Amino acid sequence: MTTPVLPPHKRRVRTIWISDTHLGTRGCQAELLTEFLKSHDCQQLFLVGDIIDGWRLRKGFYWPQSHSNVLRRILTLAKRGTEVTYVTGNHDEFLRKYSTLELGNIRLVDEAEYQTLQGERWLITHGDLFDVITRYHRWLAFLGDSAYESLLVLNRWLNQLRQRFGMGYWSLSAYLKHRVKKAVSFISEFEEALAHECQRRGFDGVVCGHIHHAEIRKVGEVRYLNCGDWVESCTALVEHLDGRIELVRWVRQREVLLSQTADSALARSA
């Protein structure tokens, strides 16, 4: 019996936003990210920070072929006409000294502005500048990053065990974020800080990353959208050709696509 593969057709969309891929770390789910990018054609692609993890690479070099495949896929999209905007984050802050660099269809910026099909003006920023710990207590941010890496290792072991028993993927870190009161409070304060900045500057919404918590919601009068990450949740934001905004949870979506492909194959062989 052959392993089912994703259908060959691609979804054509207007814009895709991804963040916090953390290429250069063992936690990065690069294969799933490449698969997602291959399954979509977009007019614009926003990389909303922490794409390459400079913090981790300084501690020890880790760069398998799967991580190069992600960059190769992004370059292929740019070559085929997709406008790629790389918004720098704190883990790839080494790129900030090259902000405003443009190479063909790829541009590097610290923040960007986007106008939706519905006419809304959105601020595109990684979000680390609105995180008090990252901005003013860097030593604590580095300590937290090390603790988070240990948590991801535990999470991988746990999910390998779950897989043996036929259970689906489950994020320990996401569970703790929702259960620990201080984490919930931090997320809320982060969202409110970004919403306040948008109101101050006259934006209708904001797309960010940084906290690895995918979300689409209203914060006051501001539309708040967070891409999530490609370490745990494997999420992205998409604007469809009709202007509809979707939060894509790729692990769930690919399971549906694989199931549909398998059903079609069975139907043809019947």
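Reader: In this predicted model, is strand 3 mostly covered or mostly open, and how many of its residues are buried?

Author: A residue counts as buried when its relative accessible area is under 20%. In strand 3, four of the five residues are buried, and the strand is thus mostly covered.

Reader: Which strands pair with strand 3, and in which direction do they run?

Author: Strands of a sheet pair through backbone hydrogen bonds, and the pairing may be parallel or antiparallel. Here strand 2 and strand 3 run parallel and are joined by five bridges. Strand 3 and strand 5 also run parallel, with four bridges between them. Tyr86 of strand 3 stands opposite Leu47 and also opposite Leu108 in strand 5.

Reader: In what order do the strands of this open sheet follow one another?

Author: Seven strands make up the sheet, in the order 4-5-3-2-1-11-12, and the pairing is mixed. Strand 4 and strand 12 (residues 245-249) are at the edges; each has a single partner strand, so one side of each lacks a neighbour in the sheet. Helix 3, residues 65-79, packs on the sheet and touches strand 2 (40-48), strand 3 (83-87) and strand 5 (106-109). The direction of helix 3 makes about 120 degrees with that of strand 2.

Reader: Where does the sheet have an antiparallel pair?

Author: Strand 1 (residues 11-18) and strand 11 (residues 235-239) run antiparallel, joined by three bridges. Within strand 11, Glu239 is the residue opposite Thr15.

Reader: Is Leu103 buried or exposed, and why?

Author: The cut-off for an exposed residue is a relative accessible area over 50%. Leu103 is classed as exposed because its relative accessibility is 57%. This residue belongs to strand 4, which spans residues 102-103. Together with Tyr98 and Leu101, Leu103 forms a nonpolar surface patch with about 300 Å² of accessible area.

Reader: Which residue is the bridge partner of Leu123 in strand 8?

Author: The partner is Val206. Strand 7 (residues 121-124) and strand 8 (residues 205-208) run parallel, and three bridges join them.

Key. Residues are numbered from 1 along each chain as its sequence is written. This is a predicted model: local features need pLDDT of at least 70, side-chain atom pairs count only at pLDDT 80 or more; totals for chains, interfaces and linings use all residues. Side-chain values use heavy atoms; hydrogens and water are left out. Patches are made of residues with over 30% relative accessible area and no salt bridge: like charges are joined within 9 Å, nonpolar side chains (Val, Leu, Ile, Met, Phe, Trp, Tyr) within 5 Å. Accessible areas come from the Shrake-Rupley method with a 1.4 Å probe; for residues, only the protein chains shown count as cover. A salt bridge is a side-chain nitrogen of Lys or Arg within 4 Å of a carboxyl oxygen of Asp or Glu. Helices (H or I, at least four residues) and strands (E, at least two) are DSSP runs, numbered from the N terminus. Buried means under 20% relative accessible area, exposed over 50%, partly exposed in between (1.4 Å probe, protein chains only). Two strands pair if DSSP finds at least two bridges between them. Contact means heavy atoms within 4.5 Å. Axes are lines fitted to C-alpha atoms, for helices over the stretch in contact, and angles run from 0 to 180 degrees between N-to-C directions.
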